[in-house]
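Here is a short report on helix packing, nonpolar cores and local backbone features. Please read it alongside the model.

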Amino acid sequence: VYRILSKVTLTPVTTEYVIEAPEIARKAQAGQFVIVRVHEHGERIPLTIADNDVEAGTITVVAQEIGASTRRMKELNVGDGMASFTGPLGRPTEMENYGTVVLVGGGLGIAAIHPICRALRQAGNHVIGIIGARSGDLLFWEDKMRLVTDELIVVTDDGSYARKALVTVPLKELIEARTISRVWGIGPAIMMKFVSLTTLPYGVKTIVSLNSVMVDGTGMCGACRVSVGGRTYFACVDGPEFDAHQVDWDLLFSRQRFYLAEEKRSAELFEQTRQQKAEQEDAR
Amino acid sequence: MATGTPQENLRHTMPAQDPKVRAHNFDEVALGYDLQTAQEEALRCIQCKRPLCVTGCPVQVRIPEFIRALREGDLWQAVEYLKDHNSLPAICGRVCPQETQCEAVCVLSRRGQPVAIGRLERFVADWEREQGVRVPEVAPSNGIRVAVIGSGPAGLTAAGDLAKKGYQVDILEALHESGGVLVYGIPEFRLPKAVVAAEINYLRSLGVTVRYNTVIGKLYSLSELLQEYQAVFLGTGAGLPIMMNIPGENLNGVYSANELLTRVNLMKAFDFPNWDTPVRVGERVAVVGAGNVAMDAARSSLRLGAKAVHIVYRRSRDEVPARAEEVEHAQEEGIIFDFLTNPIAVLGNEQGVVAGIRCIRMTLGEPDSSGRRSPVPMEGSEFDMPMDTVVMALGTRPNPLVFTEALGLQRSRQGTAVARSETGRTTLERVWAGGDIVTGAATVISAMGAGRVAANDIDAYFHGGSSGYWVQESESEPA
C-alpha cells in the first residue's frame, strides 16, 4: 500500500511523488498535510498535500531532500511503498469568496499554495500567485501554477530566471496598486515572516502555514507548539494555517532548530551508508 | 489463618535487574516469578470463602480460583479463570496498581504482606504466552460489522470479545502501530512490546482486522463510519497532553511526557541514529508530576543518559499517585524526589533552550475535591534549579479529533464522551464508548473492563432488540 505511482525530479533538491492513497485523496482539502514514514525505522515527517486526484485515488507531495527520511524517499522507485502515509491532517484552508487574493509560494512552498490557489479560484476569487526561489534551477511548477491562478508573477533572488526580486517586492507593489482582500504566504519560515512584515502596515489579513517539528500529527505530543496572539497552539491540529501578524516568529525559528544537529548527523550517516553501498556494487 | 512465623507473612520477592545496570538499558526491570516461586506464593492464599480481593478488583477477576488452580499445577485452568474476566492479564499483571485494588483488601495484609496477586497474574499470563496461546472457539460469523476506534486496552478488549461472539471487527488505529498507550506511552522496561504484540496477534487469530494510519475525525467521520458499520466502539483514550501554562513552557527542551515517551517508545529514539527519530535529553532533567507517566518519563530520561533526574511534585509523598512498585524502582535507580515543590516558570538561555526552572515551595492545606490535601504556595519561597530538560507529566485529556462531525455525540465539560457506565452507550445510537475517553485518564484495567462491558452490550443490542436505551441529555455540551 501507499505505492509510488510516479516520481519526478523537479529541481536538484526537490522531488514530486504521486502516491496511491485513495482514501486520503477522497477526503483531502486544500491546506492539509500528510505524515509520511518512508521506511520502518523512519521518522514521521509532515508533507503538505500538493495535489489530490479523487478518481485516480492519488495524493501528490513534493519533498525537499534535507534530512535522512527525505533522502531515503528519493532513493525509492516507482512501485515501491511508503511504510505509512497518514492523513489528511490539519485544518483545511478557510474557503470563501474574499475578492482579489495573493498567494506567495517560496521554494517548497510553491507546492503548498497550489491546491489553495485552485480552491480559492473555484470559490470565485481572483487569484494572483507569486512564486519565487533563490535561483531559476530551484523553481518548479510554473506551468501548473498558471492553470490555477488568474495572474502569476515569477521571481528569483539572483535574477537567473524571470524577474530579479524577493517575493515581498511584487507583493508590496500589488498591495499598493490594487485592493487585496487576503494574502497567503507559504515557504521557509524566514520568508513567511517577511511576507507578514510586508502586509502588516497595510492591514491586509495574511495567512501562513507553520511548518514546526511534528511527531504524531494528531495533537498527541505537542512537539509542534507555536505561539499565536500570545496563546499556545498545536500546529498539527489547530493549524497549520494561522494569522501571520499574530505569530511569534522567534519561537518558531528557535523550535525548528532544536534538532538540527541530530538531523545533520542522521543525514550524514545516510549518505555514508549510500556511498558504501555504491562502492560495494562498483567492486562487483 | 496465617499464624506462622513472620517469614510466612512476607510475600516472595520478584527478581529484578540490578538498579545500577538497568538504569542504562531499556530491558524489562521486573523479571517475574519462576513456577516454583509462583506456586509457593500461591500457597500463601488462604482461599477466603468471601474473597475481598475480588471486590477490590475493578473487573472482579476470579482471583482465588486462578490461584488455587495454579498451586494445584493446573495452569491451563488458571489461565481460564484469569481470562474469564480479564482479557489482558499479562499487561494488567505488570501495570495495575494492585496495592490500591485487589492486594489492598487481601486479609493477609492485616498481619503482614498481602498475596502477590499481580505477580501471580503476570506469571500465569506469561506461562500461557510461552506455551503458545490457544485460540478459543469463535462463534460462527453473524455478518455484523463493528468498528473499534483505537487499539488501546479498551479497544483490544472490545474487539476480542466481539470477535469471539462472531462479529466482524475492524480496529481503526490512528498510528502506525497498535496498542495505543501500551506502545507509545508505557516504556519497554515496564511493559515489553512483545507482550503487547502477542495480544494483537491473538486478535488477528480471532479474525480481527487492524486498519492503521486511520485517523477518525479526519479520514472518516463517525457519521461516515455508521454507514459502513452497524456499530461503533470509541476507545480513543486520553491522548492530549495537559501543559502548565507557565512562562517559558515553549522553550526548546520542554517536552510533554507524551512527546518524550512517543519519541522513545513508538519511534525508538533511544536507538538513534539506527532509528531516524531523535530525542534530546540533557544531563539535568526535571519531570513535573508524580503519576505513572511521570515515573516512566523520569526513568526513561535516566536511561537516555541523564545524570540527575528530579521528580518535581507539588504535593507530598503520601499523595503520589504512581504505583508503589514504580516509585520504589525509581528510587532504587536514583531518581530524586522534590516534594511540595511547584514550578512557576521555565528559565531559558539566549538560544531559547531550557536553563532551569523557578519553583515555589508548597504546604498542604484542606482536602480538595479529589479528597487529597490541596497544596498551597508558600509566599517568598521561590528558588531556581538549573535544568537542561523539563518534562510536563500532568495528565492527559481526550483528543477532540474523533468528535469532528460526530453530531449528537455529547461531551462533558472536561471533553470526555458521555456514556453509561453499565453499558457503554453514548448519546448517539449505535455508538458505544469506554476507557479513558469516558473517564479521563485512568487505568488499563478499568479501560479493559469498559471494553468488555460495551462488547456485551453491543451483543445484547443486536440480540435483545429494543430493550436498551441511549443516554438522555445530561449536563453536557453537544459535541
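Helices (H or I, at least four residues) and strands (E, at least two) are DSSP runs, numbered from the N terminus. The model is predicted.

## A loop glycine in chain B

Gly352(B) sits in the loop between strand E10 (341–348) and strand E11 (354–367) of chain B. Its relative accessibility is 15%, so Gly352(B) counts as buried.

Leaving out residues up to four places away in sequence, Gly352(B) touches Ser254(A), Leu251(B) and Asn252(B). Asn252(B) is 100 residues from Gly352(B) along the chain, yet their C-alpha atoms are separated by 6.1 Å.

## H4 against H7 in chain B

Helix H4 (residues 63–71) and helix H7 (residues 117–131) belong to chain B. Their axes come within 11 Å and cross at roughly 60°. H4(B) and H7(B) are therefore oblique to each other. Their crossing is left-handed.

On the H4(B) side, the contact uses Ile63(B), Phe66(B), Ile67(B) and Leu70(B). H7(B) answers with Ile117(B), Leu120(B), Glu121(B), Phe123(B) and Val124(B). Eight of the contact residues are nonpolar, none is polar and one is charged.

## Nonpolar cores

Nonpolar side chains tend to be buried together in soluble globular proteins. Here the largest nonpolar core has 81 residues. Which of them have the most contacts inside this core? They are Ile63(B), Phe66(B), Leu70(B) and Leu120(B). Helix H16 (residues 444–464) of chain B gives the most to the core, with eight residues. Another core lies apart from it and has 43 residues, among them Val38(A), Ile49(A), Ile59(A) and Ile216(B).

Phe66(B) also shows its surroundings residue by residue. Beyond neighbours within four places in sequence, Phe66(B) is in contact with Val61(B), Ala78(B), Tyr81(B) and Leu82(B), among others. Its contacts also include Ile117(B), Leu120(B), Glu121(B) and Val124(B).

## Roughly parallel helix pairs

In chain A, the axes of helix H2 (residues 68–75) and helix H9 (residues 260–283) come within 8 Å. They cross at roughly 30°. Angles under 35 degrees count as roughly parallel, so H2(A) and H9(A) are roughly parallel to each other. H2(A) makes the contact through Ala68(A), Arg71(A), Arg72(A) and Glu75(A). H9(A) supplies Ser266(A), Ala267(A), Phe270(A), Glu271(A) and Arg274(A). Three of these contact residues are nonpolar, one is polar and five are charged.

In chain B, helix H13 (residues 292–303) packs on helix H14 (residues 324–332) at about 25°, with axes 10 Å apart. H13(B) and H14(B) are therefore roughly parallel to each other. Their crossing is left-handed. Asn292(B), Met295(B) and Arg299(B) of H13(B) meet Glu326(B), Val327(B), His329(B) and Ala330(B) of H14(B). The contact divides into three nonpolar, two polar and two charged residues.

## Backbone details

Where do the cis peptide bonds listed here fall? One joins Gly87(A) and Pro88(A), with omega about -5°. Pro88(A) is in strand E7 (residues 84–89) of chain A. Another runs from Gly239(A) to Pro240(A), with omega near 10°. Pro240(A) is in the loop between helix H7 (235–238) and strand E16 (241–243) of chain A.

Tyr2(A) is not a glycine, but its phi is positive, near 55°. Tyr2(A) is in the segment before strand E1 (4–11) of chain A. At 16% relative accessibility, Tyr2(A) counts as buried. Gln47(B), also not a glycine, has a positive phi of about 55°. Gln47(B) lies in the loop between helix H2 (35–43) and helix H3 (52–56) of chain B.

Notes: Residues numbered from 1 in each chain as written. Chains lettered and ligands numbered in written order. Predicted model: local features only at pLDDT ≥ 70, side-chain atom pairs only at ≥ 80, totals over all residues. Heavy atoms only, no water. Axes fitted to C-alpha atoms, helices over the stretch in contact; angles between N-to-C directions. Parallel < 35°, antiparallel > 145°, perpendicular 65-115°, else oblique. Left-handed = near helix turned anticlockwise from the far one by under 90°. Contact = heavy atoms within 4.5 Å. Nonpolar A, V, L, I, M, F, W, Y, C, P; charged D, E, K, R; others polar. Core = buried A, V, L, I, M, F, W, Y, C linked by side-chain atoms within 4.5 Å. Buried < 20%, exposed > 50% of the residue type's maximum accessible area, 1.4 Å probe, protein only.
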